[in-house]
Amino acid sequence: MKKKLATVALGALMAAGPAMADLVFPSLSYRTGPYAAGGIPFADGYADYFTLLNERDGGIGGVMAKVIECETGYNTEKGVECYESTKGEGALIYQPLSTGITYQLIPKTTADDIPMHTMGYGRTSAKNGKVFSHTFNYPANYWDGASGAINYLLDENGGDLSGKKIALVYHNSAYGKEPIRTLEELSKKHGFELAALPVDHPGQEQKSQWLQIRRDKPDYVLMWGWGVMNQVAIQEAANIRFPMENFIGIWWSGAEHDVMPAGDAANGYKALTFHNVGTDYPLYDDLKTHVIDAGKAAGAGDQVGTVLYNRGLYAAMLAAEAAKKAQEIHGTADINASQMRDGMEALEMTEEKMTELGLPNFGPTFSVTCENHGGDALVGVTQWDAANKAWTLISEFKPTDGEVIGALIEEDSAAYAAENNIEPACN
Amino acid sequence: MPDQLIFATEVILNGLMAGVLYALVALGFVLIYKASGIFNYAQGVMALFAAMTLVGIMNGQVPFAHLINAVFGGHITHFGWHIPALLAILLTMGVMVLLAWCVQRFVMRHLVGQEPIILFMATIGLAYFLEGVADLMWGSEIKTLDVGLPQGINLWIDEATFNIFGYGFFIDNLDIVATVIAALLVAALVAFSQYTKQGRAMRAVADDHQAALSVGISLNFIWIMVWSVAGFVALVAGIMWGTKSGVQFSLSLIALKALPVLMLGGFTSIPGAIVGGLIIGVGEKLFEFAIGPLVGGATENWFAYVLALIFLVFRPQGLFGEKIIERV
């Protein structure tokens with residue numbers, strides 16, 4: 001009832017008020033360069049969702065959404081330039097889609113009072129909202145991913161991983177090194193042996209790593225890869241006949257283009273996820289009617305329903321929901337970035353809400369608070385079916401090890417606070 | 001035989017195979033440098049462009065489809081046919097010859113007699129231009145390349161070594177094919193540059209543009225020929241690397257693997273590219289095997305350059321490079 005009243009009040013306010021500016025959602029995309037294959041579907045999904053809201057609903061709370069796309073080429077310097085050139089347009093939220101850009105933007109967005117959402121990437125300890133007031137990484141982060149993989153393997157092994165060997169093949173960068181600390185802690189806790197195998201950028205040559213895997217015969221291989229590293233790793237795993245069902249990638253190593261080059265040999269490969277796959281949702285019917293068939297799809301319109309398209313769509317949906325929340329909290333449809341931040345901090349995604357939005361069972365339920373900018377940290381697992389060329393969710397979104405991760409987040413965020421003279425607090 | 005020695009032998013064999021793949025990329029650099037004194041920064045992008053063109057032709061993809069659709073409307077993407085690999089390779093070679101003509105006609109022709117650094121800068125521009133054209137022409141998505149090359153473990157070697165050492169060696173079938181192709185390619189290129197009229201003319205142009213012109217050698221023809229051959233080598237490298245990883249934009253980064261090979265083997269020697277590739281391949285793999293675990297791994301990229309620099313201390317011109325003596 002309260003919600004209905006708020007909606008009516010908001011509608012009345014808008015009808016009586018002056019003409020409002022668009023709600024601006026910059027899209028720091030990369031449609032060119034070595035990582036374009038991953039950047040294009042995400043950017044398309046992000047743009048298409050806002051197009052749908054504009055075409056079907058007349059925007060968000062009656063105000064049209066405007067997506068300003070800026071090409072970063074997955075380059076940190078260009079990403080910062082994009083931020084500087086678009087923030088004056090009334091930007092409400094940034095999703096830089098790069099850990100490198102995220103690190104550069106954390107202090108800038110905080111100073112400019114603009115929120116940033118780094119969904120499944122970026123600085124993991126940003127989950128601690130008392131320190132990182134303007135950075136959010138719901139619904140899951142890299143450490144949740146590491147724990148999610150181990151929890152899945154625990155389930156597979158009757159709750160006991162002692163004596164098992166697990167290898168981590170990772171991109172030799174800040175991104176790739178993110179899960180190591182968590183996995184080390186988890187190896188102590190569960191008694192498995194961990195071997196970390198770095199792969200240098202870009203990852204086109206991985207013979208040494210896979211020869212070592214062949215010699216050491218680990219029971220499972222986890223992968224933190226991106227770009228060409230993913231395709232080569234999956235091909236090399238197939239070459240040494242490593243069982244694909246024992247090979248699990250992080251969510252950035254689990255798109256269609258990661259497995260397709262290896263053909264049938266990639267069948268059974270698994271990847272972590274924080275959202276569902278496919279197009280079997282009511283929202284896709286609306287997308288088809290209002291966006292795709294209307295010729296308003298972003299890009300070439302050929303990415304609809306792919307894993308990374310769905311992720312872009314999900315990111316846009318979470319941004320739109322946070323904007324609605326901000327409108328509700330502040331009683332105005334014409335919100336600014338600061339108000340958007342408040343909306344993000346009060347965001348609550350329930351299954352009921354997801355169903356209302358036309359995306360039932362699409363993502364985990366979670367809520368955000370000032371203390372917790374990372375949500376409930378639920379992680380699922382998908383598996384590739386080479387014959388049908390499709391991913392399937394094989395494990396529901398399950399909790400991760402809050403005890404281990406929480407301590408690490410506390411430690412890392414405290415170090416950041418000390419370095420930057422931040423007094424952890426919630427307003 | 002101790003286990004570590006057996007493993008090291010496997011690593012050496014795989015290093016040799018990896019070295020052949022590096023050499024395939026380095027060969028393209030050598031050809032153009034040998035003929036024109038230009039360090040062709042665009043060689044890696046040429047491999048990418050060639051591989052993308054090959055996949056595009058094989059799959060019947062409409063070039064510049066996104067652009068055409070954006071300008072004229074519609075949703076054309078494919079012609080609806082599939083071209084056999086061999087024919088597609090021939091057609092791609094035609095495209096590479098056309099590219100060579102364009103490079104000569106619109107870039108190199110205007111820069112005859114310029115300083116090498118100017119020519120080098122021109123190839124940097126060419127690399128970025130070509131990358132953009134490839135993107136516009138064929139799109140950015142990762143494409144699967146299947147020209148029928150075998151991939152995966154060679155079971156015969158696996159079984160034979162298992163019977164001898166009690167441990168089956170891993171050798172990738174694709175690497176074996178690459179080795180055979182590289183050997184044939186080098187033999188053909190050496191024979192071409194030593195025993196044919198065009199090959200000798202190419203070497204004459206490399207020695208002195210002006211002198212070659214004065215004896216009636218067509219600089220235009222030689223440069224088109226050399227860039228075409230380099231385009232063919234780029235196509236071979238693109239096929240080998242593209243089969244492994246899918247054809248995607250990071251293919252252009254394989255040039256990074258060729259630089260230490262060139263430093264070590266010399267910029268002007270075709271056999272040098274091969275020997276350099278083998279030394280780099282074995283050196284980096286052995287170092288990663290023996291020392292990598294002690295220093296956290298991922299040593300291959302930087303160790304290749306260290307190895308090349310060590311060789312340069314003793315032979316600044318590279319193992320097979322021509323010694324340049326400048327008299328004062």
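# A tour from chain B to chain A

In chain B, H11(B) and H12(B) cross in a right-handed sense; that word is used if the near helix is turned clockwise from the far one by less than a right angle, and left-handed if anticlockwise. Their axes come within 8 Å and cross at roughly 115°. Axes here are lines fitted to C-alpha atoms, for helices over the stretch in contact, and angles run from 0 to 180 degrees between N-to-C directions. Helices (H or I, at least four residues) and strands (E, at least two) are DSSP runs, numbered from the N terminus.

To see how this pair meets, select B:Pro260, B:Val261, B:Leu262, B:Leu264 and B:Gly265 on H11(B), then B:Gly272, B:Ala273, B:Val275, B:Gly276, B:Gly277, B:Ile279 and B:Ile280 on H12(B). Residues are in contact if their C-beta atoms, placed from the backbone, lie within 7 Å. Coloured by class, the contact between H11(B) and H12(B) shows eight nonpolar, four polar and no charged residues. Nonpolar covers Ala, Val, Leu, Ile, Met, Phe, Trp, Tyr, Cys and Pro, charged covers Asp, Glu, Lys and Arg, and the others, Gly among them, count as polar.

A word on what you are viewing: this is a predicted model, in which local features need pLDDT of at least 70 and side-chain atom pairs count only at pLDDT 80 or more, while totals for chains, interfaces and linings use all residues. Residues are numbered from 1 along each chain as its sequence is written, and chains are lettered from A and ligands numbered from 1 in the order in which they are written.

Now show both chains together. The model scores ipTM 0.90 and pTM 0.91. Chain B brings 34 residues to the contact and chain A brings 33 residues. On the chain B side, helices H1 (3-36), H10 (219-245), H12 (270-290) and H14 (300-314) each supply at least two residues. H1(B) gives the largest share of that side, five residues. The side of chain B that touches chain A divides into 12 nonpolar, 13 polar and nine charged residues.

Zoom in on S12 (378-385) and S13 of chain A, which run antiparallel and are joined by seven bridges. There, A:Val381 stands opposite A:Ser395 in S13(A).

- A:Pro202 is in the loop between S6 and H7 of chain A, and a cis peptide bond with omega about 0° joins A:His201 to A:Pro202.
- A:Pro139 is in the loop between S4 (135-136) and H5 (142-156) of chain A; its cis peptide bond is with A:Tyr138, with omega about 5°.
- A:Arg241, in the loop between H8 (228-239) and S8 (247-249) of chain A, has a positive phi near 60° although it is not glycine.

Finally, colour by pLDDT, the predictor's confidence in each residue, from 0 to 100. The mean is 93 for chain A, with 95% of its residues at 70 or more, and 90 for chain B, with 98% at 70 or more. Residues 12-18 of chain A stay under 50.

Technical notes: Contact = placed C-beta atoms within 7 Å. Pairing = 2+ DSSP bridges.
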